Amino acid sequence: MRKYTDEQLDREVLFLLKLHTGKHNPVGRWEMVIRIYGDDAILPQTNDNMADRQIRESIARLRTSGVLVCDMGDGSGRFLAMSLDEYQAFRLKYGGRAYEVLETLREMDKAARQIWPDVLQPRLI
């Protein structure tokens, strides 16, 4: 399997994504693995695949730096947003998960404060 620094991998991922602009032109998860790391990196096709994991981490870094990498979570693949509508559709889906996690934590914190009222401090969430 090819080896990359984080910076090199981010450049490779971004280069590939620039060839896949718009929701009608996504690049599949395993296609990305093959194109970036080669055929020998494709197995196993699970979340434990090291090449796939490194690509997911690269995508997270790119998003944090402001690159509009979208993935609708439907298995169609990743793409760069070509329009505000595409970005907003992704944002709604991606942000919805964050809201659900925060809401779950808020409820769990309430329960924990009832169980351990003298130990836990109220949080600002």
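1. Contact here means heavy atoms within 4.5 Å. Please keep in mind that this is a predicted model, where local features need pLDDT of at least 70, side-chain atom pairs count only at pLDDT 80 or more, and totals for chains, interfaces and linings use all residues. Residues are numbered from 1 along each chain as its sequence is written, and side-chain values use heavy atoms, with hydrogens and water left out.

2. Leu17 also belongs to the largest nonpolar core, which has 19 residues; Val13, Leu17, Met32, Ile36, Tyr37, Ile55 and Val69 touch the most other members. Helices α1 (6-18), α2 (29-37) and α3 each supply at least two residues of this core, and α2 gives the largest share, 5 residues. A nonpolar core is a set of buried Ala, Val, Leu, Ile, Met, Phe, Trp, Tyr and Cys residues joined through side-chain atoms within 4.5 Å. Buried means under 20% relative accessible area, exposed over 50%, and partly exposed in between (1.4 Å probe, protein chains only). Helices (H or I, at least four residues) and strands (E, at least two) are DSSP runs, numbered from the N terminus.

3. Not counting residues up to four places away in sequence, its contacts include Leu17, His20, Pro26, Arg29, Ile55, Cys70 and Asp71.

4. Now to the charged pairs: the structure holds 9 salt bridges. A salt bridge is a side-chain nitrogen of Lys or Arg within 4 Å of a carboxyl oxygen of Asp or Glu. In one of them, Asp52 pairs with Arg29, with the closest N and O atoms 2.7 Å apart. This pair links distant parts of the chain, as Asp52 is in helix α3 and Arg29 in helix α2, 23 residues apart. Asp52 is buried, at a relative accessible area of 0%, whereas Arg29 is partly exposed at 29%.

5. Asp6 and Arg61 also meet through their side chains in a salt bridge (3.8 Å, N to O). Here too, distant parts of the chain are linked: Asp6 is in helix α1 and Arg61 in helix α3, 55 residues apart. Asp6 is partly exposed, with a relative accessible area of 43%, and Arg61 is partly exposed at 26%.

6. Helix α4 (residues 84-115) deserves a look of its own: its 32 residues reach 46 Å from first C-alpha to last, close to the 46 Å expected at 1.5 Å a residue. That expected span is 1.5 Å times one less than the number of residues. Its buried residues are Glu86, Phe90 and Ala112, and they pack against α3 (50-64), β1 (69-71) and β2 (78-80).

7. Within α4, Glu107 and Lys110 lie 3 residues apart, about one turn of the helix. They form a salt bridge, with the closest N and O atoms 3.1 Å apart. Glu107 counts as partly exposed at 39% relative accessibility, as does Lys110 at 40%.

8. One last point for your eye: the peptide bond from Leu43 to Pro44 is cis, with omega near 0°. Pro44 is found in the loop between α2 and α3. In general, most peptide bonds are trans.
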